[in-house]
Amino acid sequence: MRNWKFAMASTILGSALVLGACGGTEDETTTGGEADETSSDEAAAVQGSVSGDGSSTVAPILEGIVEEYAAVQPDVQVTVGVSGTGGGFEKFVNGETAFNNASRPIEEDEAATLEENGIEYSEFLLAYDGLSVVVNEENDFVEDLTVEDLKKLWIEDGTTKTWADINPEWPDEEIVFYAPGTASGTYDYFDEVILEEEDIVESATLSEDDNTLVQGIQGDPNAIGFFGYAYYVANQDTLKVVSIDGVEPNAETIESNEYTPLSRPLFVYANNAEIADNDAMYDFMKFTLENSGEMAEAVGYVPLSEEDYNQGLADLEALR
C-alpha cells in the first residue's frame, strides 16, 4: 500500500480531493477501473460497475480504497461522488447510487424514503473520527476551548463576535468563521452536539468542500473552523488544533471517546439488492471492509477493532 498519509496531505493541499471536490456535481468523481497494474487471474474475473456518493469526511478513506481496488480489479469501474452526507443520501434513497458514505447515522426521514421506495439497506462502520476545531497557525492565544465556548462562538446571537468576547485577555479582533455546508454530515453532527439546532453564526463561510475551509483558515490569522480529523492531520504543519475541555483529538482520545462530544463513527450505507445481485458491488464492499482499517489509519482516522471489521464482513456475506 502506498504512503497514503503523504498522498492525503499532497492532495488536500491542492485544489480538491482526487475523489472529487465536495460541491456534488456529477463531474466531481473518481473512477477506479482505469489502473495500469495487471491483476491476478482470479481478480480479473470480476467485472462491472459500482456507483456511490456522500461524505467529504469519509472521502479520504474511499479515495485510497478506490485506487487500491483499481490495481486488484481493473475490470470494475468504481465511481464515487462527494456531495456531502445529505446530498449523497438524496441519491441513495432514490436508487441512483449503490452506496452512500456518511459521517452521521441515517436520519428517520431518509430511512422512511428508502422504505417507501422499496430499498433495503445495510449500515457498515468504517472508522472513527474526531471532529477537529482548528485556528490559524499564527494564533498564539487559543489553546483550549470549552463546549460552552463553542456554543458562544458558533451560535448566532446578533452580535459581531471578537476573541475578547470569549476571553477578555484575548485580542479585540473580529473572528472569521469557516464551517462545513448544511448538506454535510459534519455540519449535522456539530448542529446536534454544539448548536443544538440553533442558527449557526451568520458570518460563517459554509462549504461542503473541506479544502475550501482549510485554505480559508490558513489564510486568516483570526479564522476558526472545524472539519474531520484527517483534514487536520494532513495540514497540521499549517493549522493549529484546539483542545476541547482540555482534551486534544488524537487516535487514543478519539478511540476511547475521551474526546467528547466531538468523537463520532464514520459509515457506509449499502443497497442490499446491489450486494446480492451485483458481483462488482459485493466485491468492492468486501475489499472496502477488509482494507478500511489500514486506510483509515493511513489518512489520519482511527480504525475499528478487528472484531468489528469481521462482524461487518459477516453481515456483508449474509446478504449474498
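Reader: Why is Asn257 called partly exposed?

Author: Asn257 has a relative accessible area of 44%. Buried means under 20% relative accessible area, exposed means over 50%, and partly exposed lies in between, with a 1.4 Å probe and protein chains only. Asn257 is therefore partly exposed. This is a predicted model, in which local features need pLDDT of at least 70, side-chain atom pairs count only at pLDDT 80 or more, and totals for chains, interfaces and linings use all residues. Residues are numbered from 1 along each chain as its sequence is written, and side-chain values use heavy atoms, with hydrogens and water left out.

Reader: Where is Asn257 placed, and what is its phi?

Author: Asn257 belongs to the loop between helix 11 and strand 13. Its phi is near 65°, a positive value in a residue other than glycine. Most residues other than glycine have a negative phi, and most peptide bonds are trans. Helices (H or I, at least four residues) and strands (E, at least two) are DSSP runs, numbered from the N terminus.

Reader: Which peptide bond is cis?

Author: The bond that joins Thr260 and Pro261 is cis, with omega about 10°. Pro261 is found in the loop between helix 11 (251-255) and strand 13 (263-271).

Reader: What makes Glu197 count as exposed?

Author: Glu197 counts as exposed because its relative accessibility is 69%. The residue lies in the loop between helix 8 (185-195) and strand 9. Glu197 also has a positive phi, about 70°, although it is not a glycine.

Reader: Is Glu248 buried, exposed or partly exposed, and which residues does it touch?

Author: Glu248 has a relative accessible area of 39%, so it is partly exposed. Its place is the loop between strand 12 (243-244) and helix 11. Not counting residues up to four places away in sequence, Glu248 touches Val241, Ser243, Thr253 and Tyr259; contact means heavy atoms within 4.5 Å. Glu248 and Thr260 are 12 residues apart in sequence and 10.0 Å apart in space, C-alpha to C-alpha.

Reader: How do you know that Asn272 is buried?

Author: The relative accessibility of Asn272 is 13%, and Asn272 therefore counts as buried. Asn272 is part of helix 12 (residues 272-277). Not counting residues up to four places away in sequence, it touches Glu120, Tyr121, Ser122 and Leu319.

Reader: What makes helix 6 mostly covered?

Author: In helix 6 (residues 147-154), 6 of the 8 residues are buried. They are Val147, Asp149, Leu150, Lys151, Leu153 and Trp154. Of the 320 residues of the protein chain, 56% count as buried.

Reader: Why is helix 4 called roughly parallel to helix 5?

Author: Helix 4 (residues 84-93) and helix 5 (residues 108-116) pack at an angle of about 15°, with their axes 9 Å apart. Angles under 35 degrees count as roughly parallel, over 145 as roughly antiparallel, 65 to 115 as roughly perpendicular and the rest as oblique. Helix 4 is therefore roughly parallel to helix 5. Axes are lines fitted to C-alpha atoms, for helices over the stretch in contact, and angles run from 0 to 180 degrees between N-to-C directions. The contact is made by Phe89, Phe92 and Val93 of helix 4 and Glu110, Thr113 and Leu114 of helix 5.

Reader: What makes helix 3 oblique to helix 13?

Author: The axes of helix 3 (residues 59-72) and helix 13 (residues 279-299) come within 8 Å and cross at roughly 125°. That angle makes helix 3 oblique to helix 13. Among the residues in contact are Ile61 and Ile65 of helix 3 and Phe284 and Phe287 of helix 13.

Reader: Which strands are the edge strands of the open sheet?

Author: The sheet has 5 strands in the order 9-8-10-6-11, with mixed pairing. Strand 9 (205-207) and strand 11 (239-241) are the edge strands, since each pairs on one side only. Two strands pair if DSSP finds at least two bridges between them. Strand 6 (residues 132-136) and strand 11 run antiparallel and are joined by 3 bridges. Within that pair, Val134 has Val241 of strand 11 as its bridge partner.
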